[in-house]
Amino acid sequence: MWYTARETPKKKGGCAVAKHKLSQLPKMDRLLAREELAGCGLPYPLVRRAARQALEEARQGLLAGSRDRAPTEAEAAARTLALAQALSRPGLVRVINATGVPLHTNLGRSPLSPRAAQAVQEAAAGYCCLEYDLASGRRGSRTGRVEELLRTLTEAEGACVVNNNAAAVLLMLSVLTPGLGVAISRGELVEIGGAFRVPDIMARSGARLVEVGTTNKTRLSDYAAALDAGAAQALLKVHPSNFKVVGFTQAAELPQLGELARQKNVPLLCDLGSGALSTGRFPGEPTMEEAVHWADVVCFSGDKLLGGPQAGILLGRAAPMARLKSDPLVRALRPDKLTLAALEATLMDWRDGTLPPAAAMLGADGDALRQKAEELVARLDPLCPPGCVCQLAKSPGEAGGGSMPGISLPGWAAALTPAEELESFFRGWEIPVIGHIHKGRLLLDVRTLLPGDEDVIAAALSRWKGEGP
Ligand SMILES: *Cc1c(COP(=O)(O)O)cnc(C)c1O
């Protein structure tokens, strides 16, 4: 069978007592007909689901012996109502990122700039000229505007946008190297996260993986040997975004690989991962412009160092880009209007010299962060009830999102105790505040706070041990 049904193991020989108690569980239809549920104002399917869950809980409790009698109808109705209310709240809610990690994958990576958020709002709530050319009144190109901006910013000959960088890697390899041997350094056979591994994606694309060099050292001559032996007909460079090999290491850099690819007349592809524009703000990150100069096709994420929406961006020379763009896979991976609206606005920010929020956070000045943290401490300290302590503290930081591995982003935080109790209190607040515990204190790192976040944090703390929100 192509799927396995989930089986609930049945307890054999359930004792007669349990059976008797089970028969006393409230009946579904009577429960749902009760006034507190029928008149509660919540959608019927939600109440029905909650009632099923409440009865199942009670049944499991009786079977396991953790409950000694069936709930009365009134008790089951009260439990149903509580569950239905919990189910009715939205699940994807705004949180405050006080972790100090600007590209926190679990918290949605890049926050959008005001311009990008506004563009999304406008595209979302109404119609837009997604595939309509206003000059001619004819059908227009869906991704033409962002591609034009990308070409302007990077001087790439061609550009293409898909849903995320994982999709971009898949597209690049599937279209450009099926059946070819692709040489890649053993040090770059990485897992990017969520079971997305470079060797697997290469296998799926139909490319043949040709490993060269070793985990810690790969020389240009290793690539050259694979090409000369006829084992490989293309080169792939993958930016090892989320880890760093330190010590006795060597890697062939893009310029060297680019020279080699030109000499041997083979394509050089590059999964850049983060995609930093050359501003000098991101130490150690290869830039898009450099990658575009040396590689035939380069791909990277829209929501890492670029600071825009989730997207996969491909840039490169005219001929391979034209092949990519005419492939049917592009249609399957195409981004929606909200992504394109956000990406266009983000690229306009970069063009106009405005840093998107994540990029500004990553490059924030240490003294300014210290001052921001001092102000937060001064604001929180008077709100601390007895037993709670709030102090200024240094905070270890990182970029997150698989960007700038091995580069620490030391910052400043308000450090609170008791750590565990406050961590779960803040996490459970109406706008959850996510910090992290470090050496027995809850650190609220100010690097990632957005305007107004301090107000929420102060309001929350002032209610700790109080009546609650
Ligand atoms: C992050 C990353 C990816 C995946 O990008 P998504 O946009 O998250 O799909 C692929 N390759 C590298 C090198 C990365 O760093």
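**Entry 1**

I count two residues as in contact when heavy atoms lie within 4.5 Å. I note at the start that this is a predicted model.

With that cut-off I listed the meeting of helix 6 and helix 15. From helix 6 come R115, A116, A119, V120, A123 and A124. Facing them in helix 15 are K337, L338, A341, A342, A345, T346, M348, D349 and R351. I sorted the residues of this contact by class: ten are nonpolar, one is polar and four are charged.

Next I looked up the geometry. Two packed helices are described by the angle between their axes and the distance between the axes. Helix 6 covers residues 114–125, and helix 15 covers residues 337–351. Their axes come within 8 Å and cross at roughly 150 degrees. Angles over 145 degrees count as roughly antiparallel, so helix 6 is roughly antiparallel to helix 15. I wrote down the hand of this crossing of helix 6 and helix 15 as right-handed.

**Entry 1: helix 7 against helix 15**

I stayed with helix 15 and turned to helix 7, residues 144–154. Here the axes come within 9 Å and cross at roughly 25 degrees. Angles under 35 degrees count as roughly parallel, and therefore helix 7 and helix 15 are roughly parallel to each other. The crossing of helix 7 and helix 15 is left-handed.

Which residues of helix 7 meet helix 15? I found R145, V146, L149, L150 and L153. Their partners in helix 15 are L340, L343, E344, L347, M348, W350 and R351. The contact of helix 7 with helix 15 holds nine nonpolar and three charged residues, with no polar ones. I noticed that M348 and R351 of helix 15 turn up in the contact with helix 6 and again in the contact with helix 7.

Strand 10 (residues 268–273) and strand 11 (residues 297–301) run parallel, joined by four bridges. C270 has V298 in strand 11 as its bridge partner.

I then stepped back to the loop between helix 11 (254–264) and strand 10, where N265 sits. Most residues other than glycine have a negative phi, and most peptide bonds are trans. N265 has a positive phi, near 60 degrees, and is not a glycine.

I moved to an open sheet of four strands, ordered 13-14-17-16 and paired antiparallel. Strand 13 (389–395) and strand 16 (436–438) are the edge strands, and each pairs on one side only. The twist from one strand to the next averages 40 degrees.

How many bridges pair strand 13 with strand 14? I counted seven, in the antiparallel sense, with strand 14 spanning residues 411–417. The bridge partner of L392 is A414 in strand 14.

Helix 18 (residues 419–427) packs on this sheet. Helix 18 touches strand 14, strand 16 and strand 17 (441–445). The direction of helix 18 makes about 45 degrees with that of strand 17.

I looked at the loop between strand 14 and helix 18, where P418 is placed. A cis peptide bond joins T417 and P418, with omega about 0 degrees.

**Entry 2: helix 17 against helix 19**

The crossing of helix 17 and helix 19 is right-handed.

K372, L376, R379 and L380 of helix 17 meet E454, D455, I457, A458 and L461 of helix 19. I sorted the residues of this contact into five nonpolar, no polar and four charged.

**Entry 3: domains**

I ended with the domain assignment. The assignment gives domain 1 (7–88), domain 2 (96–104 + 362–466) and domain 3 (112–356). How many Å separate the centres of domain 1 and domain 3? I noted 52 Å, taken over C-alpha atoms.

Methods. Residues numbered from 1 in each chain as written. Predicted model: local features only at pLDDT ≥ 70, side-chain atom pairs only at ≥ 80, totals over all residues. Heavy atoms only, no water. Axes fitted to C-alpha atoms, helices over the stretch in contact; angles between N-to-C directions. Helix = DSSP H or I, 4+ residues; strand = E, 2+ residues; numbered from the N terminus. Parallel < 35°, antiparallel > 145°, perpendicular 65-115°, else oblique. Left-handed = near helix turned anticlockwise from the far one by under 90°. Nonpolar A, V, L, I, M, F, W, Y, C, P; charged D, E, K, R; others polar. Pairing = 2+ DSSP bridges. Domains from an automatic or database assignment.
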